[in-house]
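This report describes a few local features of one structure.

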Amino acid sequence: MEKIVVDHGQNFDFGKTSSEYAKYRDIYPIELYDRLYALGVGKAGTNWLDLGTGTGVIPRGLASYGANILATDISFAQIEQAIALSEQFKNINYKVCSAEELNEPSDTFDVITACQCFWYFDPKVIVPKIKQMIKSNGLFLKLYMSYLKDDPIARLSHQLVKELNPNWIGGNAAVEDLKTHYFNNPEMENFFIDLPFTKERWHGRIRASRGVLASMDNKTLKKFEEQHLQLLEQLPDTFFVKHKVFLTYYRISK
């Protein structure tokens, strides 16, 4: 169980993206929330742990159903945004903590989720913790959603980020993680969806990525800003970008 190497070891900090992330990355479709709820995520009376929650998008999307939610992230800036965006939900508790440092009691959670993040964790540490914290027959679910690189608009943005930040590997780490199973009897689903964007929201969505704000120095970021905005000038005011949603989940028996 070796930790996946992301971006050839290049440093990144999602805390630098927090304001952009909070504004532009709440893009999950209703079809995803419906499927998560059907699997048992967010149901009233359950205890749900969301690892690497970022700005708390997934917990907020299902909080109204009434689960008791603990959402954690290593970044104080991300959690600060999550708390500000979740004031109406009294059933979400946020905690600044790395996944590996969590120390919740055994058999606490009916559901544990890791959305857009599991490949950042050390499996030697987090896998035993999940087995310890989850209830018998509890659900552990990994989620990954990404634009398709062959989408004509996404391709332009992706190529520009790659040109300016050659260490960035995009979703390769996520794909590697999707093929790696740390628990028995995996179940996997995926579906496609066209998501609507304006020029501003697409620019913000790309800026908030690991390859841009989280890792670029100021000089490179300035180049990205100039060149990406020039690319967007040729686009209509509103457009769709094709995305693919991946779900991998397990029922953890003890």
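Buried means a relative accessible area under 20%, exposed means over 50%, and partly exposed covers what lies in between, with a 1.4 Å probe and protein chains only. The model is predicted: local features need pLDDT of at least 70, side-chain atom pairs count only at pLDDT 80 or more, and totals for chains, interfaces and linings use all residues. Residues are numbered from 1 along each chain as its sequence is written, and side-chain values use heavy atoms, with hydrogens and water left out.

**Cysteines**

A disulfide is a pair of cysteine sulfur atoms within 2.5 Å. The search of the whole structure finds zero of them. Cys 115 is in no disulfide, and the nearest cysteine sulfur, that of Cys 117, is 6.5 Å away. For the sulfur of Cys 117, the closest cysteine sulfur is in Cys 115, and 6.5 Å is too far for a bond. Cys 115 is buried, and Cys 117 is buried as well.

| Residue | Relative accessible area | Class |
|---|---|---|
| Cys 115 | 8% | buried |
| Cys 117 | 5% | buried |
| His 8 | 60% | exposed |

**Positive phi angles**

Most residues other than glycine have a negative phi. Gln 116 is not a glycine, yet its phi is positive, at about 60°. Helices (H or I, at least four residues) and strands (E, at least two) are DSSP runs, numbered from the N terminus. Gln 116 sits in the loop between strand S4 (109-115) and helix H5 (123-133). His 8 also has a positive phi, near 55°, and it belongs to the segment before helix H1 (18-24).

**Helices H6 and H9**

Two packed helices are described by the angle between their axes and the distance between the axes. Axes are lines fitted to C-alpha atoms, for helices over the stretch in contact, and angles run from 0 to 180 degrees between N-to-C directions. The axes of H6 (residues 152-164) and H9 (residues 218-233) come within 10 Å and cross at roughly 160°. H6 and H9 are therefore roughly antiparallel, a term for angles over 145 degrees.

Contact means heavy atoms within 4.5 Å. On the H6 side, the residues that meet H9 include Leu 156, Leu 160 and Leu 164; those on the H9 side include Phe 224, His 228 and Leu 231.

Methods
Parallel < 35°, antiparallel > 145°, perpendicular 65-115°, else oblique.
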